[in-house]
Amino acid sequence: MISVVVKQLIGLFVDDELLAAAILCAVGLISALALSGAAPGWLVGLMLAVALPAALAASVWRSAWRGTRESAG
Amino acid sequence: MPSLTTIISVAGASFAASFVEAVEALTIVLAVGLARGWRPALTGAAAALAALALIVAALGPLLGAVPIRALQFVVGVLLLLFGLRWLRKAILRAIGVIALHDEDAAFAREMRELAEAERRRANEFDWIAGAAAFKAVLLEGIEVVFIVIAVGAARGLLGLASVGALAACVAVAAIGAAIHRPLARVPENGLKFAVGVMLSAFGLFWTGESLGVAWPGGDAAILAFIALFLAVALGLVALLKPRAAALA
């Protein structure tokens, strides 16, 4: 039961592994730029506002293109 | 002092997301109750609520000890993972790539599994039924707790988020107790679509704020992000639905 619960807890945040990886990579990279002072605040905000919807769009596009019949959950 | 925009969006996001989770938990508890009796169903649900209370009691005081920037960052990233995952599935359901979540089907499946288990273990105490109710309420309840923390903690509005979640759970429990059927008519994908948009917007806002971004308009920027994610999601549905229909 515990392993099932742990798996389902991870599943709360990770469904499409590539989407999760894209979100974490984008946030990690932008955070590094922000914390190192290489990018001003407005640019950090702009990058987040572009990268995250783009990651969503890429993930949806990929799934729709493949026409995968994923299980409903 | 939080703005009206923040108060409405925190309470609304917490209520809507918790409503969806409560509907899913209710479906399983009803299936257990009708297939195997109300004693294991209610015992399992009550045990899960007690476990949730322990989790909240243990984790609640820790939140106050975490620096606000770090809390905003962690919550923001988790909200992005959680919200964009919901939004992705809602979009894929809307365009027909994955099947709609059907509470009637989930209810029938749970009833079937419990009936099969009953045939195999006719003489044992009904641990299976109790465990099914426990697991459903615990897992959906953890999601509700996460949502409350995620939308409330970064602005010090845990109380407000909790009220929104509690109202949703009470409403679902009251409806379920009254009709004794799964809430199949709830437009679940529409709710998930809306909640995915709201949680993603909160995630973007708080991640940026934790990195020192001074969003134009302050908290009102959340509304702009809601509009942004909504536009992207609806655009994807409009673009991909005809293609998915052609492939089907």
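Predicted model: local features only at pLDDT ≥ 70, side-chain atom pairs only at ≥ 80, totals over all residues.
## Around Ala201(B)

Setting aside neighbours within four places in sequence, Ala201(B) is in contact with Ile222(B), Phe225(B), Ile226(B) and Phe229(B). Ala201(B) also belongs to the largest nonpolar core, where it is among the residues with the most contacts inside that core.

That core has 100 residues. Besides Ala201(B), the residues with the most contacts inside it are Val29(B), Val32(B), Leu87(B), Ile91(B), Ala133(B) and Phe202(B). Which helix gives the largest share of this core? Helix 1 of chain B does, with 17 residues. As general background, nonpolar side chains tend to be buried together in soluble globular proteins.

## The overall build of chain B

Chain B has eight helices and zero strands, and from the N terminus on its elements run α-α-α-α-α-α-α-α. The radius of gyration of chain B is 20 Å, close to the 18 Å that the globule rule gives for 248 residues, so chain B is as compact as a globular protein of that length.

The C-alpha atoms of chain B fill a box of roughly 65 × 55 × 25 Å along the principal axes. Of its 248 residues, 50% count as buried. How far apart in sequence are the residues that meet? Among contacts in chain B between residues at least 6 apart in sequence, 85% join residues at least 24 apart.

## Helix 1 and its partners

Helix 1 of chain B covers residues 4-36, and two of its pairings are worth a visit. One partner is helix 2, residues 38-65 of chain B: the two pack at an angle of about 150°, with their axes 7 Å apart. Helix 1 of chain B is therefore roughly antiparallel to helix 2 of chain B. By class, their contact has six nonpolar, two polar and one charged residues. On the helix 1 side of chain B are Val29(B), Val32(B), Gly33(B) and Arg36(B), which meet Trp38(B), Pro40(B), Ala41(B), Gly44(B) and Ala45(B) in helix 2 of chain B.

Another partner is helix 5 of chain B. Here the angle is about 180° and the axes are 9 Å apart, so helix 1 of chain B and helix 5 of chain B are also roughly antiparallel to each other. The contact of helix 1 with helix 5 of chain B has 17 nonpolar, three polar and five charged residues.

Ala165(B) is found in helix 6 of chain B. Is Ala165(B) buried or exposed? With 26 other C-beta atoms within 10 Å, Ala165(B) is buried. Not counting residues up to four places away in sequence, Ala165(B) touches Ser14(B), Phe15(B), Ser18(B), Val144(B), Ile147(B) and Val148(B). The C-alpha atoms of Ala165(B) and Phe19(B) are separated by 7.4 Å, although these residues are 146 residues apart along the chain.

His180(B) lies in the loop between helix 6 (158-179) and helix 7 of chain B. His180(B) has 9 other C-beta atoms within 10 Å and is exposed. Arg39(B), found in helix 2 of chain B, counts as exposed with 12 C-beta neighbours inside 10 Å. The C-alpha atoms of Arg39(B) and Arg88(B) are 38 Å from each other, and the two are 49 residues apart along the chain.

Chain A has three helices and zero strands, giving the pattern α-α-α along its sequence. Of the 73 residues of chain A, 26% count as buried.

The contact of the two chains takes 39 residues from chain B and 33 residues from chain A. On the side of chain B that touches chain A, helix 3 (68-94), helix 5 (127-152), helix 7 (188-210) and helix 8 (221-247) each supply at least two residues. The largest share of that side, twelve residues, comes from helix 3 of chain B. What is the make-up of this side by class? The side of chain B that touches chain A has 29 nonpolar, four polar and six charged residues.

Terms used:
Residues numbered from 1 in each chain as written. Chains lettered and ligands numbered in written order. Contact = placed C-beta atoms within 7 Å. Helix = DSSP H or I, 4+ residues; strand = E, 2+ residues; numbered from the N terminus. Nonpolar A, V, L, I, M, F, W, Y, C, P; charged D, E, K, R; others polar. Axes fitted to C-alpha atoms, helices over the stretch in contact; angles between N-to-C directions. Parallel < 35°, antiparallel > 145°, perpendicular 65-115°, else oblique. Rg over C-alpha atoms; globule rule 2.2 N^0.38 Å. Buried ≥ 20, exposed ≤ 12 C-beta atoms within 10 Å, placed from the backbone. Core = buried A, V, L, I, M, F, W, Y, C linked by C-beta atoms within 7 Å.
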